[in-house]
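Please keep the sequence and the model in view while reading.

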Amino acid sequence: MAFMVARTEKRKVGSLAGYQIHVDRKTKNHENKDIEPSRTHLNYDLVGHKASTTFKHEFMDYINENKASSRAIRKDAVVMQDWIISSSNDFFESLDEAETRQFFEAAVEFFSNKFGAENIRFATVHMDEATPHMHMGIVPMKDGRLTAKTIFDRECLRMIQEELPTHFQSYDFDIERGVKESKTEHVNFTEYKNKIEHLQEKVDDLTQKSHDLQQKMREDKETNDKKQREFFYEQWEKDWDLIQDNFPDFHMGAEVLTQIYSETILDNVQQVDVDRNFPREFNLTVKQMFIIIQEKYEAIKEYIKEKWSEINSKHLDLTNDRKDYFESLGALNSKREAQNEMLADIAIDLGVHDSWKETMIQKGGQIGSFSDGREINKPFDELIPELIATASELQLESLIEKQKKNSYKAKHDGGGLSL
């Protein structure tokens, strides 16, 4: 018995144009090397859409015509629940052309019954790739409300994984759901997952550096305020560029403004997006920068949680390329070792004996045994704050100057500290 593949992804307006190029095969230069242009004529629509109409107009026109509220749709709203329906090559090789079509028609029937046929704006079968599969775009709307989060929640996704195979079986297809709570990963999401893990490491690293910088700012705020602001602005801009390069759809909500502005001026800025230029444009103070950096850190954590949730819901049935996985794991271990080496140098600068350096690099902190049998267990997240709290002003000033020099050197080498 073959396993069913039913994967889903939430899409916003900004991603529809690129996605339509793939679905409708609007280019001959495909990034996906599995596509065989000589077989593209075998593709077909089960729920069609006008070739002259873009996905953006198709979905937004439908939403605006059927929404209950007169309010405009948010730019970051999910307007399409994208589904990919498929199975294994062995399964499709056992079917003839008519049976293959019936398989995908049964899937459309299932989703029509559950979520409304009128909400399915397209269902396109691709026969020109390694394995036949269907792309299906559904408007996540119920009772005039656009609400992907409540319609396609975890319970709904579990229902689909349980009931869709049964629906296929009612048409005599020998198919079952994938492995429950499988930890296998979709190969095409591995790179995306690695980016998220890399960003999480970056966030942790930046959080520690932010704590160190805050200590320095409290000591000489009055004399260095302008310089400190410029430093924070530059680090904010660099970090924002990094985030946008890796995660173009990351958005920081306007609710952060209530944390940094008084009510008397909030009305003048509450319609402004928090973006790369926001701190400089509104001349944020150092105190406000501390707040907005912390809020960004929390926003990134929530973003990562959301992406992890999406990835886990998609990773139900796919063979993982283990060679790529272990190569990625090796790269992550190398980065972690480099970070531990940096933190070990900071600990030594703050008073830890340099004989601990190799142990701190290998174990992520001052962890081991003394000759008299005493145990010490201080990972970096405990060790560094403790050292900072007990360090002398001279030690802290020396450490900060050293970090500034490193940041300056890294900047001119093409890198640099990011907040």
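## The central sheet

Two strands count as paired if DSSP finds at least two bridges between them; helices (H or I, at least four residues) and strands (E, at least two) are DSSP runs numbered from the N terminus.

The model is predicted: local features need pLDDT of at least 70 and side-chain atom pairs count only at pLDDT 80 or more, while totals for chains, interfaces and linings use all residues. Residues are numbered from 1 along each chain as its sequence is written, and side-chain values use heavy atoms, with hydrogens and water left out.

## Strand β6 and its partners

β4 and β6 run antiparallel and are joined by six bridges. Within β6, M134 stands opposite I85, and M136 stands opposite W83. β5 and β6 also run antiparallel, again with six bridges; H133 in β6 is the bridge partner of H126. A hairpin of six connecting residues leads from β5 to β6.

Six of the six residues of β6 are buried (under 20% relative accessible area, with exposed meaning over 50% and partly exposed in between, for a 1.4 Å probe and protein chains only), so the strand is largely enclosed by the rest of the structure. H133, H135 and G137 point one way from β6, whereas M134, M136 and I138 point the other way.

## Nonpolar cores

The largest nonpolar core has 34 residues, and W83, I85, F111, M136 and F168 have the most contacts inside it. Such a core is a set of buried Ala, Val, Leu, Ile, Met, Phe, Trp, Tyr and Cys residues joined through side-chain atoms within 4.5 Å. Elements supplying at least two of its residues include β4 (78–86), β5 (120–126) and α6 (154–169). The largest share, eight residues, comes from α4.

Leaving aside residues up to four places away in sequence, W83 touches residues including A6, F111, M136, F152 and I160. Apart from this core lies another, of 19 residues, among them M252, V286, I292 and I293.

## The chain as a whole

The chain contains 16 helices and eleven strands. Of its 419 residues, 44% are buried. Among contacts with a separation of 6 or more, 73% link residues 24 or more positions apart. The chain exposes about 23600 Å², of which carbon and sulfur atoms supply 48%; these areas come from the Shrake-Rupley method with a 1.4 Å probe, and for residues only the protein chains shown count as cover.

## The loop at S392

S392 lies in the loop between α15 (380–390) and α16 (393–412). Its relative accessibility is 34%, so S392 counts as partly exposed. L350 is 42 residues from S392 along the chain, and their C-alpha atoms are separated by 8.6 Å.

Note on methods. Contact means heavy atoms within 4.5 Å.
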